[in-house]
Amino acid sequence: MRDSLHVKVSNEQAGTLTLENSEYVFDYATHDKESFVSLSMPVRTKSYVNNKLHPIFEMHLPEGYLLSIIKKHFSKIAKTDDFGLLKLMASSINGRVNYASDANAQEKTLSLENLLHPESEHLFDELVSKFALNSALSGVQPKVLAKVKDKVTIPLQEYIVKSWGEEYPHLALNEYYCMSVVKLAGIEVPEFFISDDNQLFIMKRFDVKEDGSYIGFEDMCVLQAKSAEDKYEGSYEQIAKSIKIFVSPKHKKNSLCNFFKMIVINNLLQNGDAHLKNFGLVYEDITNIKIAPAYDVVCTTLYIKNDISALYLLGSKKWWSRKFLIRFAKESCDLSTKEANTLFDECLNAIDLVKEKIEKRIESEKSLHVKEFLEKLREKFVVLL
Ligand SMILES: Nc1ncnc2c1ncn2[C@@H]1O[C@H](COP(=O)(O)OP(=O)(O)OP(=O)(O)O)[C@@H](O)[C@H]1O
Ligand SMILES: [Mg+2]
């Protein structure tokens, strides 16, 4: 049996993905070297044959909650194996790599105002059901992508909207304050917001340019040729290595500094979900590759008391102290002791600043639930040196 899908890069035909006798075959239909679908799949005449969906295409599939909704809705009318899913999603996958499709993606215009000040307490559920099939980014938490009409600045920007399931109370507040640390530590982050009712975490997509065109983005699973189910396999040393292999020389130092700071913050705030899909690279072209802005930083030990690191560092998944993190900086991120200590202090300062913000908020907070949660969160921002 044979089934195929046309793959485009920046809206130009790049090649064809075919499922033939249980094998996934990708063939380029171009000689333009800039039209590569992935940094690890340069343009060539020879086919790329895989027994699973190639990681770059798998990156576009939904995971977790969204996947379950889609499968539930469509299992009776369409095949919901990886190839079937990709075909179902084809019209709504937008990014540097996208797919030719007969269906027109639904218009997803929604103002930032609507997201920040939701009128319905079911807004997120409505978004999920409305956009389930138009959501182009994968992830385990329920999340949808909406084209937001930003009334304040540029019209029609694309945002990521996140909310949470019952087992993760106040995840939006958690992510909001953790991402605030990342930002104050000087790491590049997309613009982000929290809705008035603290239910939605909203983040601008970092792969969409002001003019609506896209830059390339590949997560570490793709760059390490791993499938999504292996996102907890590997180490932060291997991520540092991928950064050194792929990032352009002019961005290398900065990318490694930012990566080291992300590792420091993940350790200090105990983010046990910093797996391979939560790091990536962005690129305008092959000579301009750098680390992607940071995303998805949350304190997971608020929900799973004894949670450990998602990946290995120095051969273990325990939380590391300053001394060991500095060693990691020197051995894997090519930093001097002095540089590593300076970056570490920047992270500590940022945590302290956000702790003060949380304290102020606790004083004025009216909701008892929110107050209680913030008090627990504040404890995680007390870093023992
Ligand atoms: N601001 C952004 N711009 C573009 N892509 C993004 C952005 N934030 C996240 N992504 C992409 O969407 C995916 C899912 O987002 P995110 O990691 O925040 O969600 P999640 O549901 O918490 O994921 P998980 O729990 O599986 O790690 C990321 O792996 C990344 O590929
Ligand atoms: Mg994630």
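Visitor: What should I know before I start?
Guide: This is a predicted model, where local features need pLDDT of at least 70, side-chain atom pairs count only at pLDDT 80 or more, and totals for chains, interfaces and linings use all residues. Residues are numbered from 1 along each chain as its sequence is written, chains are lettered from A and ligands numbered from 1 in the order in which they are written, and side-chain values use heavy atoms, without hydrogens and water.

Visitor: What is the mean pLDDT of the chain?
Guide: pLDDT is the predictor's confidence in each residue, from 0 to 100. The chain's mean is 87, and 85% of its residues reach 70 or more.

Visitor: Which residues touch the most other members of the largest nonpolar core?
Guide: In soluble globular proteins, nonpolar side chains tend to be buried together. A nonpolar core is a set of buried Ala, Val, Leu, Ile, Met, Phe, Trp, Tyr and Cys residues joined through side-chain atoms within 4.5 Å. Buried means under 20% relative accessible area (1.4 Å probe, protein chains only); exposed is over 50%, and partly exposed lies in between. The largest core here has 110 residues, and F57, Y236, F259, F260 and F381 touch the most other members. Its largest share, ten residues, comes from helix α11 (residues 337-364).

Visitor: How do I read α11 itself?
Guide: Helices (H or I, at least four residues) and strands (E, at least two) are DSSP runs, numbered from the N terminus. Helix α11 has 28 residues and reaches 41 Å from its first C-alpha to its last. That is close to the 40 Å expected at 1.5 Å a residue, where the count is one less than the number of residues. Its buried residues include L343, F344, I351 and V354. They pack against α6, α9, α10 and α12. Contact means heavy atoms within 4.5 Å.

Visitor: Which residues are the protein donors of the magnesium ion?
Guide: Donors are N, O and S atoms within 2.8 Å of the metal (3.2 Å for Na, K and Ca); water is not among the atoms, so sites may look incomplete. Here N278 (OD1) and D296 (OD) lie 2.1 Å from the magnesium ion, ligand 2. N278 sits in the loop between α9 and β12, and D296 in the loop between β13 and α10, so the pair ties together parts 18 residues apart in sequence.
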